[in-house]
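Q: Hello! Could you walk me through how to read a few features of a protein model?

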Amino acid sequence: MASAKRWAFDVPVEGINERYMTMDELMRAFHSCKNSDPETANEMIAYAVQSGCVSAKFEYSKFLRGAPKLSMPQAERYHKAETMLMELLILLEVPARFTANVALELGALYADCLHRPVGALSLYLQAKRLGAMVEDYKLKELQKKMEKMDVNHLGSNCVDALRLGRELQRSHGAPKLTELFLREAVDKAAEELSAGKRGAKNLYGQACLALGDFYDSQISSCAAHERSAYRSERDRMYAEAKASGHPEYLSRADSVR
C-alpha cells in the first residue's frame with residue numbers, strides 16, 4: 001500500500017521521529033510566501049488552522065480578506081474569514097487585546113468588503129471599548145454611510161443591529177439610537193422567526209432581553225409620564241425573551257464582550 005502523502009510543512013506528532021516543521025516555523029514560512037505564492041501560503045495556513053492554532057485562524061482570516069490573487073472565489077474568501085472571526089470573537093479566557101484585534105479585523109471586513117456599516121460600527125466601538133486605537137475618521141465614515149441608508153433597512157441584518165444596540169447601550173450616551181437599533185433587531189428577528197429561519201428564536205430572545213434591559217435602565221431617569229409605558233414594554237420584552245429561552249436573570253451576568 002502506498003504511504004500517505006506528507007506535506008513538507010507537517011507539524012510534528014508525538015511518537016514520530018521524522019523531522020517536520022514546528023508551528024512557529026510553519027507560520028514563518030506562511031508569512032514569507034503569502035504575497036509571492038498565495039496558493040502555497042493558503043495550504044500552509046489552512047493546515048495550521050486544522051491543527052487547532054488560534055493565532056493561525058486569526059492570520060488566515062486576514063489573509064483571506066486581502067488576497068485577491070487567490071484562486072478561491074471572493075465570496076468564499078469573505079465567508080470563511082467572517083466565520084473564523086465570529087468564532088474567535090466569542091472565545092473566553094483570552095486577553096481583551098486579542099478580542100479587540102479580532103473586532104477590528106471583522107469590522108474592516110464588514111466596512112471594506114461586505115458593505116455592512118452597521119455591523120462595522122458596532123465592532124469598531126467594541127474594539128475601542130476593549131482598549132484598541134480606532135481612528136475617528138473611520139467612525140465618521142461609517143456614520144455618514146448609515147445616514148445615507150434607508151431607515152427601513154438599518155435593521156436588515158439582525159445580528160448587526162443587535163450588536164450595535166448593545167454597544168450603544170454600554171456607552172450610555174445615545175438612548176434614542178440605542179432604542180432604535182435594539183427595536184430594529186427585535187422586529188427583524190421576529191420576521192425571521194415567523195419565516196422559520198434557523199437560529200431566529202435565539203436571536204429574537206437575545207434582542208428582546210437587550211431591549212428589556214434598555215427600558216429597565218431608563219425608568220429611573222425618564223419623565224414621570226413615561227415610566228408606566230417603559231415598565232410595560234420592559235415586562236413585555238422580558239416575557240418574550242423568557243419564552244424564547246433567555247430568562248431575565250441572564251442579562252445580569254452577561255459574559256459577552
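A: Gladly; let us begin with charged side chains. A salt bridge is a side-chain nitrogen of Lys or Arg within 4 Å of a carboxyl oxygen of Asp or Glu. By this rule the count is 16 salt bridges. This is a predicted model, where local features need pLDDT of at least 70 and side-chain atom pairs count only at pLDDT 80 or more, while totals for chains, interfaces and linings use all residues. Residues are numbered from 1 along each chain as its sequence is written, and side-chain values use heavy atoms, with hydrogens and water left out.

Q: Which residue forms a salt bridge with Arg-236?

A: An α-helix has 3.6 residues a turn, so residues three or four places apart point the same way. Here the partner of Arg-236 is Glu-233, with the closest N and O atoms 2.7 Å apart. Both lie in helix α11, 3 residues apart, or about one turn. (Helices are DSSP runs of H or I, at least four residues, numbered from the N terminus.)

Q: Is Glu-233 buried or exposed?

A: Buried means under 20% relative accessible area, exposed over 50%, and partly exposed in between (1.4 Å probe, protein chains only). Glu-233, at 17%, counts as buried, whereas Arg-236 is partly exposed at 40%.

Q: How many aromatic pairs are there?

A: A pair of aromatic rings is described by the distance of the centres and the angle of the planes. Rings of Phe, Tyr and Trp (its six-membered ring) pair if their centres lie within 6.5 Å; planes under 30 degrees apart are stacked, over 60 edge-to-face, and the rest tilted. That gives 5 aromatic pairs. In one of them, Phe-30 and Phe-63 have ring centres 5.4 Å apart and planes at 80°, so the pair is edge-to-face. Phe-30 lies in helix α1 and Phe-63 in helix α3, so the pair ties together parts 33 residues apart in sequence. Both Phe-30 and Phe-63 are buried, and together with Tyr-60 they form one aromatic cluster.

Q: What should the 20 residues of helix α9 span?

A: The expected span of a helix is 1.5 Å times one less than its number of residues. For α9 (residues 175-194) this gives 28 Å, and the end C-alpha atoms are 28 Å apart, which agrees.

Q: Which helices do the buried residues of α9 pack against?

A: Contact means heavy atoms within 4.5 Å. The buried residues of α9, including Phe-181 and Leu-182, pack against α6, α7, α8, α10 and α11. After α9 comes Gly-196, whose phi is positive, near 75°.

Methods
Helix = DSSP H or I, 4+ residues; strand = E, 2+ residues; numbered from the N terminus.
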